[in-house]
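Hello,

Here is the structure I promised to hand over. Please open it alongside this message.

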Amino acid sequence: MGKVTGFIEIGRVDRTYKPAGDRIRNFREFVIPLEQRDVERQAARCMDCGIPFCHNGCPVNNQIPDWNDLVYNADWEAASDNLHSTNNFPEFTGRVCPAPCEAACTLNIDEAPVTIKTIECAIVDKAWENGWIEPQIPTVKTGKKIAVVGSGPAGMAAAQQLARAGHDVHLYEKNEAPGGLLRFGIPDFKMEKRLIDRRMDQIIAEGTTLHCGVHVGVDMTASELEEGHDAVLLTGGSEMPRDLPVEGRELNGVHFAMDFLPQQNRRVAHSNAAGDVEPIMASGKHVVVIGGGDTGSDCIGTSIRQGALSVTQLEIMPQPPEKENKGLTWPHWPLKMRTSSSQAEGAERDFSVTTTSIAGRNGHVTHINCQKVDDKFQPVEGSAFELKAELVLLAMGFVHPVAEGLLADLGLELDQRGNVLANTVQYQTSREKVFSAGDMRRGQSLVVWAIREGRQAAHAIDKFLMGTSALPR
């Protein structure tokens, strides 16, 4: 424990944002880091609890009290080593993770948890700045060839772990660049893509061969994939979006969020692929975002930066309470009212709303018809209303991976929700040498869960091929 009375003497201080009026003018990150001295003081607040509930709150089981103590004592390099022992990419989670570890922190009982996410991000950023992060090149090669399909955080983590174990790893990505939804779904203002490029350079230096622009199941058959490798790990995403089956859905101007967001990310990256499709732009339009989660929030921030006249976000769920009942929820993730940085930039939000139909003129959306619902999602009589909308973005989540193509060709067994069936010990599918991890196996989830599953699947594959594994789970 760093400072025994730290949690008493030092108040919680977190990172701040650039003013909304400044940050909406571009797509760059806008979080203002704490000074090193302030980060060390925040680390001193950690109580090093006898039962560290933050461990359980963190899907990758970061040893949070350990690296808090190291930061407090200014041993940043050791803190980086400790952090990387459980998390391959803390610069990703330090930016986009919702921090369930902080919700589980004992100090959250008093609404002042340790700034774990901020400290994590500060550790890894300092590690890159000082050159402490280097390729870990294996000294012995196993001669085993492994395919990892999908280069999101699960695929990247698995590929890195397997390459470090000495395997010949081939990472396949259907898009023009690696990263999955980290690159094409999460806006640059939340996480700049140079961070992915920097990690991929490390992963490639460690022995992974990257194949971009290869759509497995289309450019390479399932049989070629299976026959050409000793093991296959499927880490594609949960890409089938939840649709809105109402009258007017077919009108121009109604789009899935994941048709809208990747376009802007490609524009920021100056990717040639950005010009291959009809542009979807919010500029000068009244925008309605249907769906209250992170994807909806990303649509808001992107629309505002594109110059939308107005942005309204609709959520079918009732408005959550301002504060949770700690006695009922802690240390679990609480349901409470949260306002994202994008929502704070000027979006209107409405809860307990269902869309009954979409209306338009000359084939293009002009407004949507809505109605309030009760706590059982039944329409409230006399509550119908109309919203002007020239762009409607559907951000209601994802139901399961796309089954057509690779999954169907392999004949993999799926679970009741349409995800690839595999447990969290072996990660093995219904085909012996085919494994699955991440959103394709568990359904849409967090980046930190993808990293955890990629690491655990790497351990399982290494053990499957070699009989034993020294890789951590």
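Below is what was found in it, beginning with the ground rules.

**Ground rules**

This is a predicted model: local features need pLDDT of at least 70, side-chain atom pairs count only at pLDDT 80 or more, and totals for chains, interfaces and linings use all residues. Residues are numbered from 1 along each chain as its sequence is written, and side-chain values use heavy atoms, with hydrogens and water left out.

Helices (H or I, at least four residues) and strands (E, at least two) are DSSP runs, numbered from the N terminus. Two strands pair if DSSP finds at least two bridges between them. Contact means heavy atoms within 4.5 Å. Axes are lines fitted to C-alpha atoms, for helices over the stretch in contact, and angles run from 0 to 180 degrees between N-to-C directions.

**The sheet with β9 and β10**

Five strands make up an open sheet, in the order β8-β15-β9-β10-β11. The pairing is parallel. β8 (254-256) and β11 (348-351) are the edge strands, each pairing on one side only. On average, neighbouring strands of this sheet are turned by 20° against each other, direction ignored.

β9 and β10 pair in the parallel sense over five bridges. Isoleucine 290 stands opposite leucine 314 in β10. Strand β10 (residues 310-315) also pairs with β11, in the parallel sense, over four bridges. There, leucine 314 has aspartate 350 of β11 as its bridge partner.

Two helices pack here. Helix α15 (residues 294-306) packs on the sheet and touches β9 (286-290), β10 and β15. The direction of α15 makes about 175° with that of β10. Helix α14 (residues 257-268) lies across β8 and β15 (391-394), at about 75° to β8.

Now look at β9 itself. Five of the five residues of β9 are buried, so β9 is largely enclosed by the rest of the structure. Buried means under 20% relative accessible area, exposed over 50%, and partly exposed in between (1.4 Å probe, protein chains only). His286, Val288 and Ile290 point one way from β9. Val287 and Val289 point the other way. In a regular strand, side chains alternate between the two faces of the sheet.

Threonine 302 is buried, with a relative accessible area of 2%. Leaving out residues up to four places away in sequence, threonine 302 touches Phe27, Pro187, Phe189, Phe260, Leu261 and Gln264.

**The sheet with β3 and β4**

Another open sheet of five strands has the order β5-β4-β3-β6-β17, with parallel pairing. Its edge strands are β5 (209-212) and β17 (434-436), and each pairs on one side only. The twist averages 20° from one strand to the next.

Strand β3 (residues 145-149) and strand β4 (residues 168-173) pair in the parallel sense over five bridges. Alanine 147 stands opposite histidine 170 in β4. Helix α19 lies across β3, β6 (231-234) and β17, running at about 165° to β6.

**Helix pairs**

Helix α10 (residues 153-164) packs with helix α12 (residues 194-205) at an angle of about 25°. Their axes are 10 Å apart. α10 and α12 are therefore roughly parallel to each other. Angles under 35 degrees count as roughly parallel, over 145 as roughly antiparallel, 65 to 115 as roughly perpendicular and the rest as oblique.

On the α10 side, Met156, Gln160 and Arg164 make the contact. They meet Ile196, Arg199, Met200, Gln202 and Ile203 in α12. The residues of this contact divide into four nonpolar, two polar and two charged. Ala, Val, Leu, Ile, Met, Phe, Trp, Tyr, Cys and Pro count as nonpolar, Asp, Glu, Lys and Arg as charged, and the others, Gly among them, as polar.

Helix α3 (residues 36-43) and helix α9 (residues 116-129) pack at about 135°, with their axes 10 Å apart. That makes α3 oblique to α9. Gln36, Val39, Gln42 and Ala43 in α3 meet Ile119, Ala122 and Lys126 in α9. By class, the contact of α3 with α9 has four nonpolar, two polar and one charged residues.

**Helix α6**

In helix α6 (residues 76-84), the buried residues are Trp76, Ala79, Ser80, Asn82, Leu83 and His84. The buried residues of α6 pack against α3, α5 (64-72), α7 (90-96), α9, α12 and α19 (447-466).

Best wishes
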